[in-house]
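Here is a friendly walk through one protein chain, for someone meeting it for the first time. Have a look at the picture, then read on.

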Amino acid sequence: MAASIFRNAGQILLPVKFAISRRLCLASQSPPQLHGFSNLDSLVSAVITAVSSCASISNCRSIHCKVMKSLSFSHGFIGDQLVSAYLRLGFTKDACNMFDELPDRDLVSWNSFISGFSRRGDLSNCLNAFSAMKLETGVEANEGTIVPLISACTETRALDIGTYIHGFILKFGMLLELRIANVLINMYGKSGYLDGASGLFEAIPIPNLVSWNSIIAVHVQTGKPEEGIGYFIRSRRAGIEPDQGTLITTLEACEELGSAKLAEAIHGFLFITGLDSNLTLATGLLSLYSKLGSLVASQKVFSHIRNPDSIAWTAMLASYGVHGKGKEAVKTFNLMVKEGVAPDHVTFTHLLNACSHAGLLKEGKAYFEVMTLIYGVEPRVDHYSCMVDLMGRAGHLSDAYKLIISMPMKPNSGVWGALMGACKKHNNIELGKEAFDNMLALEPLDSRNYLSLSNMYSSAGLRKEASEVRGLMKKRSVIRIPGSSCIEHGKRIHRFVSGDRSHPLEEEISKKLEELVKKVRGSGAWARTEFVLQDVDDEEVREDMINKHSEKLAIAFGLMVSANLRMPLVVTKNLRICGDCHEFAKVVSRLEGREIIIRDTKRFHHFSNGSCSCRDYW
């Protein structure tokens, strides 16, 4: 393992000579009063408090001058405190000059100096100080030296330098220091080297809670939620009591996996241990249930929160919004304000989004007006994006475009994408093309932009133009993300892709899907083959392709294995749902008497009795 770790290790940067100079301190405002204290200890205590609370460079320099006149830098490590204050305020030169003035720099001084650079993500100066400490003073490094060095490597994703530091740790036998091992796990994991992180974890004789949290988090945050859950289960078997950090990460893993049953199990654990009263965990849980399609469960969790804060209120409001419950979101906002909880910019983003999803044009405009006038929240780009989407839904494309042009900041792809979606719905090809050109200028390699324009052309019957857009994608080597749909059954998540034949029950699923397609087409809902993204001229082939989209496969599987007619089928799609699949789900919900919930990248679609909660606008 060591050989692979050091293979790409570079040489450590050469130390920079810190110039030793005594400078004159010129205060821009009155220095703090440091006289009138009964003894030296109280004076030192007052100075340390003043340094730690310094909010300006002028105050810091003033205190510096007073210390030079009245105290020694060694009193209460005041010198080290001043160095840290300069670095915290971003004045590196002052910090280096101050550090040079310290008469007796010991290991604590060096560690404080290195830590100050690390907190600012300044890896270069971290390494310079580390080199100077080793080569100029001979002071031996300890845990307090190494941890900030590795943290700086993690922050800057400097894996090559991090492997060098790892080699230094091995050479001096410091890997047994648990805190060092933990930050190394974090560094390798966040750099995408999960094998290195796992190897280090397995080598720890007795991992502590931080060790377990680190290995769980790096797997969940790098797209390996199932492995993260596996480590969580192992930690429980090892007798480790999880803390808030463990459980927040585990909830994130449940969301990534899309597992409602696992979420319920974690909820049960929180209830048994009394952690369900933890505001942060309760908020995370209600948000998780919402993202898994269970709005009722979110409501129950929120109802048991005694004193919800702004984050909890906003999470509940957002849950209503993403499920198309705009009126409930507005009611939640009004209750929040009535309870004396101040909304912030995130609250208004979700509120405007909820108004947009529910088509509440009048309410959305009113909240956009008062957010600054009454609540002092300045509009951000996300608020404008919501307003463009809201106006576009109502068909006010000209007003939406004027709002974009008048924005005080540069519109992002989300703003132009909202306009393009409205142009597609209302068949305004010219304005939609302008929106696409702006999206393309911002994100030229995002396949979703090309597919949006292609779908707009297809919806308008312009198949030649749609084909040209797909040709442009190929020419520019833009990679299209394959669509997939997931549904939970038993103890696993079943994933389907278009035309999938890999499932063990493939024959039964195909038979069920053929039966459903025959029923749907027989009811008068003909295939909308314009949503086929491949360049195929044969209409029968196009229809066969669209009949095997991943959403349809997941729905067919869900109906086949689910006996409980009261339980909705919950399908998660990694892309936007296409128009044909949307119509298919509506008809199936009526013919089969089942509620179908499909979560795409924008919102939840609740299909029931032949209609959708989005009112056919997405």
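Is Val-469 buried or exposed? Val-469 counts as buried, because its relative accessibility is 7% (buried means under 20% relative accessible area, exposed over 50% and partly exposed in between, with a 1.4 Å probe and protein chains only).

Before going further, a word on the ground rules. This is a predicted model, where local features need pLDDT of at least 70, side-chain atom pairs count only at pLDDT 80 or more, and totals for chains, interfaces and linings use all residues. Residues are numbered from 1 along each chain as its sequence is written, and side-chain values use heavy atoms, with hydrogens and water left out.

**Around Val-469**

Val-469 sits in helix H27, which covers residues 463-475 (helices, H or I, are DSSP runs of at least four residues and strands, E, of at least two, numbered from the N terminus). Leaving aside residues up to four places away in sequence, Val-469 touches Tyr-450, Leu-453, Ser-454 and Tyr-457 (contact means heavy atoms within 4.5 Å). Take Leu-453: it is 16 residues from Val-469 along the chain, and the two C-alpha atoms are separated by 7.3 Å.

**Two annotated repeats**

In the model, residues 208-242 are 74% helix and 0% strand, with end C-alpha atoms 11 Å apart. Residues 309-343 also come out at 74% helix and 0% strand, and their end C-alpha atoms lie 10 Å apart.

**Salt bridges**

Side chains of opposite charge can pair when their charged atoms come close. How many salt bridges does the structure hold? There are 19, a salt bridge being a side-chain nitrogen of Lys or Arg within 4 Å of a carboxyl oxygen of Asp or Glu. Here are three of them:

| Pair | N to O distance |
|---|---|
| Asp-94 and Arg-61 | 3.2 Å |
| Arg-234 and Glu-202 | 3.0 Å |
| Asp-600 and Arg-576 | 3.8 Å |

Asp-94 and Arg-61 form a salt bridge that links distant parts of the chain: Asp-94 is in helix H5 (residues 92-101) and Arg-61 in helix H3 (residues 57-70), 33 residues apart. Asp-94 is buried at 9% relative accessibility, whereas Arg-61 is partly exposed at 25%.

Arg-234 pairs with Glu-202, and this link too spans distant parts of the chain, joining helix H13 (residues 225-237) to helix H11 (residues 194-203) across 32 residues. Arg-234 is partly exposed at 35%, and Glu-202 is partly exposed at 44%.

Asp-600 is buried at 5%, while Arg-576 is partly exposed at 34%.

Salt bridges also link Lys-512, Glu-515, Lys-519 and Glu-592 into a network.

**Two positive phi angles**

Asn-609 is not a glycine, yet its phi is positive, about 50°. Asn-609 is found in the loop between strand E5 (604-608) and strand E6 (611-612), and is exposed at 62% relative accessibility. Arg-615, in the segment after E6, has a positive phi near 60°. Arg-615 is exposed as well, with a relative accessible area of 60%.
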